[in-house]
Amino acid sequence: MKVVGLVSGGKDSCFAMMKCLQYGHEVVALANLLPVNDSVDELDSYMYQTVGHQIVVSYANCMGLPLFRRKIQGSTRRHDLSYNKTPGDEVEDMFILLREVKKQIPSITAVSSGAIASDYQRLRVENVCSRLGFVSLAYLWKLDQSFLLQQMIESGIVAITVKVAAIGLDPSKHLGKEMSHLWPHLLKLNELYGSNICGEGGEYETLTLDCPLFKYARIVLDEFQLVLHDSNSIAPVGILHPLAFHCEDKLQSASVSDINGTNGFCPENMGSVIEVQTESLEIVEEKSQPSDVALDLAQLENRKLHNSKTKKENTFSISCWLQGSTKISVDLQEDLKIVLLKIESLLNEDGFSWEDVVYIHLYISDMNMFAIANETYVNFITQEKCRFGVPSRSTIELPLLQVGLGNAYVEVLVANDQRKKVLHVQSISSWAPSCIGPYSQATLHKEILHMAGQLGLDPPTMSLCDGGPISEVGQALINSEAIAKSFNCSISTSAILFVIYCSMSTSTSDRINMQEKHNETVNQIKPLNLKHNHLSGVLNPVFLYVLVPDLPKRAFVEVKPVLFVEDDTANEEVVNDHVMPDLKYEVNPFDSCFQPEKWHDECLQKCVVHGRICAVILSITTEIADKICSNVHISTNVNDNLIITTEEKMEKIARFCLYRLDKVLSQNYLSWDDVMNLRIYFSASSNISHETLSLIIQSKFDEFSEKTRKVKTCEEPIFNIVPVTGAGSSATSMDDIITCELFARKS
């Protein structure tokens with residue numbers, strides 16, 4: 001991509017541009033924001049570094065690139081961490097500046113910034129990029145600061161301190177010093193006081209005088225003045241004010257046109273400075289695109305829509321799909337629009353909106369139509385509609401048409417409070433895959449971290465890693481761990497559940513090796529997390545492997561972890577699950593035909609956290625099904641209708657599943673009212689339709705409700721049935737007849 005580099009003059013923005021070159025991008029222009037008054041060194045700004053701005057003008061000549069500059073008209077008007085367009089805010093100055101860059105050099109598609117740890121700055125850069133259609137590149141994001149500063153120095157960046165404001169930094173001693181000289185001292189301050197080695201906490205600011213990007217000249221500071229802003233004896237604040245400087249030419253090994261070409265910009269202006277003129281921030285407006293989404297209730301009534309909803313009051317799931325036959329399906333775009341309209345309608349009926357959604361499972365019939373599905377999706381779920389952060393998401397291709405469903409099937413997890421914490425990084429970086437658009441990497445709600453499905457993407461390139469399925473699952477887990485660390489937890493110690501989606505393009509041996517790679521990667525991560533005591537105990541997660549036709553980007557695997565993040569401030573009664581005994585299960589009229597047997601436990605995995613969170617995977621293999629049905633007459637008469645036999649088997653299996661899941665809930669002090677979601681996976685190649693299976697399971701729930709009074713009878717089911725190519729508790733056997741995934745949390 002062709003890139004404009006946001007430059008403050010500091011080491012970080014310069015090294016970020018060097019990283020852009022390393023990953024194959026072209027830096028073709030520079031952009032800088034400065035104070036209105038040239039004599040002012042520093043603004044009271046949370047957003048911009050302006051100390052040394054008098055020298056930044058020379059960067060155009062040093063790099064042979066056009067430098068776009070704008071004087072900052074705005075101030076900090078929005079103090080929240082998140083940012084939306086705010087008239088008069090200093091962020092709108094960046095918007096005007098970059099809009100002019102885009103106008104003059106249309107070939108530019110990305111913006112580079114030196115953000116390392118500041119969510120405040122990153123989110124604002126991402127907001128502007130999103131509004132202008134740019135990709136945000138933040139290759140320094142979340143990198144280890146000690147290693148990062150070492151890299152900067154070793155790469156040839158010559159930067160001096162132009163501001164110090166921290167304990168252990170003395171303006172008279174440390175201003176004007178090169179980073180190579182200060183590096184050991186900064187490491188020592190980090191050990192003593194926890195100071196940020198790269199100055200991310202405002203400890204110091206730098207000015208780059210030379211670096212490999214400066215092909216034509218280096219900057220020489222001839223004269224400067226030290227200005228003491230605060231003589232505080234503990235952490236004095238001082239600034240270096242440049243008085244005189246000059247550019248010292250380097251031997252030119254290439255002409256300007258040899259470097260990047262003109263990129264649509266006049267050659268005579270390469271190395272020039274373009275002042276972006278004053279424009280009132282109060283009238284900055286982007287033309288909003290009219291949405292073609294309208295809540296057409298009549299349209300909803302004409303389609304055969306079905307939905308399900310769990311009954312948990314504070315966190316519940318809603319699912320919606322088109323049922324009947326392929327005749328009711330138009331195309332993916334239309335089907336998805338109808339399904340999302342229905343979910344929006346259901347949310348509104350209960351007083352909710354998209355901002356209350358925590359997680360979305362997006363199931364589509366054809367991954368070739370992913371881009372079209374995304375276009376439709378973003379018409380409904382937008383950052384403007386989701387003030388507290390956009391939901392996390394997993395997108396999977398399923399054999400929907402094969403079982404008589406429409407092209408789209410959506411499940412949303414809804415919370416009735418705003419206690420969620422959303423991690424949404426849209427910038428491309430080396431940290432973890434970016435989420436460019438209205439879907440986030442992870443959402444934490446009431447101690448449960450719901451992570452978006454992770455592919456084996458190389459974060460800085462956003463390409464699938466080389467090496468096939470084994471490499472992809474390893475990289476997907478590394479990406480998951482990076483996200484988990486942002487919430488002070490780890491996939492090796494905090495995981496409750498792993499759902500691993502495997503593409504049909506993987507072989508049986510691939511899947512076996514993928515499972516081994518999963519175990520190997522987690523075991524490599526675990527010692528480090530135990531050392532740092534991320535959790536007092538290590539959870540025993542449950543595993544679900546799902547075979548699907550295809551995944552985004554033609555990936556071989558997608559990993560979806562659910563983690564526990566303990567909230568020390570939660571006012572909840574904590575029961576230690578290692579001490580709490582299972583309640584004795586009371587047999588009821590519904591399950592009186594089942595006598596406890598050893599194999600009842602062999603087909604079930606569970607993870608219980610502190611007696612208040614429970615994840616269950618119930619795997620009904622052919623062998624288990626035979627045991628369940630051992631007392632059922634299976635017709636062998638060739639004249640008998642096979643569908644009757646299949647239905648009879650499914651009825652018995654459904655009864656057993658309800659019995660076994662109810663027993664787990666009861667023995668762990670939970671009820672059906674605590675269930676957040678219940679997914680039932682079945683193979684699309686089964687001799688039963690989605691609609692028939694739904695009716696069978698619903699009839700068993702009705703019978704269970706009548707005999708036990710543990711579940712309220714409702715028109716809409718509390719479960720959703722998901723057609724897959726295969727599923728199972730291990731990668732070696734994804735041929736279950738039925739697989740149940742239940743997740744519950746005590747209110």
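Good morning, colleagues. Two remarks on conventions come first. Because the model is predicted, local features need pLDDT of at least 70 and side-chain atom pairs count only at pLDDT 80 or more, while totals for chains, interfaces and linings use all residues. Residues are numbered from 1 along each chain as its sequence is written, and side-chain values use heavy atoms, with hydrogens and water left out.

Let me begin with the overall picture. The protein has 18 helices and 30 strands; helices (H or I, at least four residues) and strands (E, at least two) are DSSP runs, numbered from the N terminus. Of its 747 residues, 58% count as buried, where buried means under 20% relative accessible area, exposed over 50%, and partly exposed in between (1.4 Å probe, protein chains only). Among contacts (heavy atoms within 4.5 Å) between residues at least 6 apart in sequence, 78% join residues at least 24 apart.

I turn now to the cavities. Five cavities of 30 Å³ or more are found in the structure. On a 1 Å grid over the protein atoms alone, a cavity is a set of points where a 1.4 Å probe fits but cannot get out, and lining residues have an atom within 4 Å of a point. Grid points are joined across faces, edges and corners, and a volume is the space filled by probe spheres set on the points.

The largest cavity holds about 170 Å³. Its lining has 18 residues, and His-361, His-450, Val-562, Asn-677 and Arg-679 are the closest to its centre. Among the elements giving two or more residues to this lining are strand S13 (357-364), strand S24 (557-564) and strand S27 (675-683). By class, the lining comprises 10 nonpolar, four polar and four charged residues. Here Ala, Val, Leu, Ile, Met, Phe, Trp, Tyr, Cys and Pro count as nonpolar, Asp, Glu, Lys and Arg as charged, and the others, Gly among them, as polar.

Of its 139 residues, Ile-620, Ile-653, Trp-672 and Ile-738 touch the most other members. Beyond its neighbours within four places in sequence, Ile-738 contacts residues including Leu-618, Met-650, Cys-657 and Leu-693. A second, separate core of 36 residues includes Ala-442 and Val-522.

Finally, some strands. Strand S6 (residues 158-164) is largely enclosed by the rest of the structure, because six of its seven residues are buried. S6 pairs with strand S7 (residues 204-210) in the antiparallel sense over six bridges, pairing requiring at least two DSSP bridges. Within this pair, Ile-160 stands opposite Leu-207. Two bridges join S6, again antiparallel, to strand S9 (residues 237-249), where Ile-239 is the bridge partner of Lys-163.

Val-220, in strand S8 (residues 217-230), is partly exposed at 23% relative accessible area. Its C-alpha lies 5.4 Å from that of His-246, 26 residues away in sequence.

Conventions:
1 Å grid on protein atoms, 1.4 Å probe; cavity = no way out; pocket = protein on both sides within 12 Å on 5 of 7 lines; lining within 4 Å. Core = buried A, V, L, I, M, F, W, Y, C linked by side-chain atoms within 4.5 Å.
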